[in-house]
Amino acid sequence: MSGLKGFLTAHRAALAGLAGALLALAVFWLARSSRPAMDWWVEKVSMPVKRALGAVCDPLPFSVCEAGATLLILGALALLGRAVWLTAHGRPAALGAFALHLAVLLLWGYWGVCALWGTQYYAESFAEKAGMTASPVSAQQLEAVTRYFGRQVAACADAVPRDEAGRFAVPRSEIMAQESTAGLYDGLTERWAFLTGPDRRAKPAFYSKLMSAWGFTGYLCPLTGESTLNVDCPEVFLPVTIAHEYAHQRGVAAEQEANFVGIMASIASGRPAYVYSGWLYGYLHLSNALYRADPAAAAACMAELPAAARADFDLNNAYWASWEGPVREVGEAVYDSFLQSYGQELGMQSYGACVDLLVEEFWPLI
């Protein structure tokens, strides 16, 4: 017992930090059931903090989130090695101290994610702010809107550079250049002023291949306010992915809503690479949903697409098929659990739920 008492006394500050983190998480878990509390927190605290963090990190050409995570992992491994060495040399409490301090760091980091990101799942949604309902749609509506998107894809497919195989060939550097991304949301903010926000640069991910192995095309880091993009996967969906991550920067939390907003921002931007990427990405979601409802109709719609669009789909599908395996399955399972921990019952399937919003938006135009 004297050893335990000595350990507790020596590490009372870390224990206080652990207790504080658990208390902070408990407050989040209790407060998330209050919509007024979450709306106030998002508007007055989390969004201003994320934008301030983004302003600090934006001038740097690399992802501060990636760099910070790398340093933390390397530091943790170094400290673990030191703890093992000390344990082997007569200081058995060293491993316990390492575990305690690591737990404090991880719990406060998780609380930071909850405070700056998780709270947005419980605040007013994009659909609520926009006055949209995302109601279920009929197979007839779904087929009609899928064909409409197919026609838009065909109309703009030749407006972008293509390689000798007829595939999308806009350079990544051009897509991610600040002159390409600045003002990307100007086409939407007149209609939805709540999407107004500062322009931030899209950051290329150093660990893009690792992201591909885990099945990710991009992410917003709430602790730095940065959008970090996978620059290893085919370029055709990079523009709409950037727009998707910018939706998160503007407070759109749910993945299905960020997909819808990213598509809308892309096609409203007037920038050929973004316009084509947005229509094609919307078509992908609609076609996948139509395939589940009516495989024959989905196949007929796909056959009507121009050869250039089908070539883009083929390249994208081949790329992601090359990464299929247990690592990707684990990555998707982890992210699915992350989404469900914030009440996103659809989990990873929520990426396809933007279909309801697309049909609601475009059905009246047909």
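## Exercises on salt bridges and nonpolar cores

E143, R147 and E304 are linked in a network of salt bridges, a salt bridge being a side-chain nitrogen of Lys or Arg within 4 Å of a carboxyl oxygen of Asp or Glu. The model is predicted, so that local features need pLDDT of at least 70 and side-chain atom pairs count only at pLDDT 80 or more, whereas totals for chains, interfaces and linings use all residues. Residues are numbered from 1 along each chain as its sequence is written, and side-chain values use heavy atoms, with hydrogens and water left out.

**Exercise 1.** Determine which parts of the chain the salt bridge between R191 and E361 ties together.

*Solution.* 
- Step 1: The closest N and O atoms of R191 and E361 are 2.8 Å apart.
- Step 2: R191 lies in the loop between α10 (186-189) and β1 (202-204), and E361 lies in helix α18 (residues 354-362), so the pair ties together parts that are 170 residues apart in sequence. Helices (H or I, at least four residues) and strands (E, at least two) are DSSP runs, numbered from the N terminus.
- Step 3: R191 is partly exposed, with a relative accessible area of 47%, while E361 counts as buried at 15%. Buried means under 20% relative accessible area, exposed over 50%, and partly exposed in between (1.4 Å probe, protein chains only).

**Exercise 2.** Identify the residues of the largest nonpolar core that touch the most other members.

*Solution.* 
- Step 1: A nonpolar core is a set of buried Ala, Val, Leu, Ile, Met, Phe, Trp, Tyr and Cys residues joined through side-chain atoms within 4.5 Å.
- Step 2: The largest such core has 62 residues, of which F149, I242, F260 and Y276 touch the most other members.
- Step 3: Helix α14 (residues 272-293) gives the most to this core, with eleven residues.
- Step 4: Not counting residues up to four places away in sequence, the contacts (heavy atoms within 4.5 Å) of Y276 include V153, F168, V236 and D312.
- Step 5: A second, separate core of 13 residues includes L25, F28, C114 and W117.
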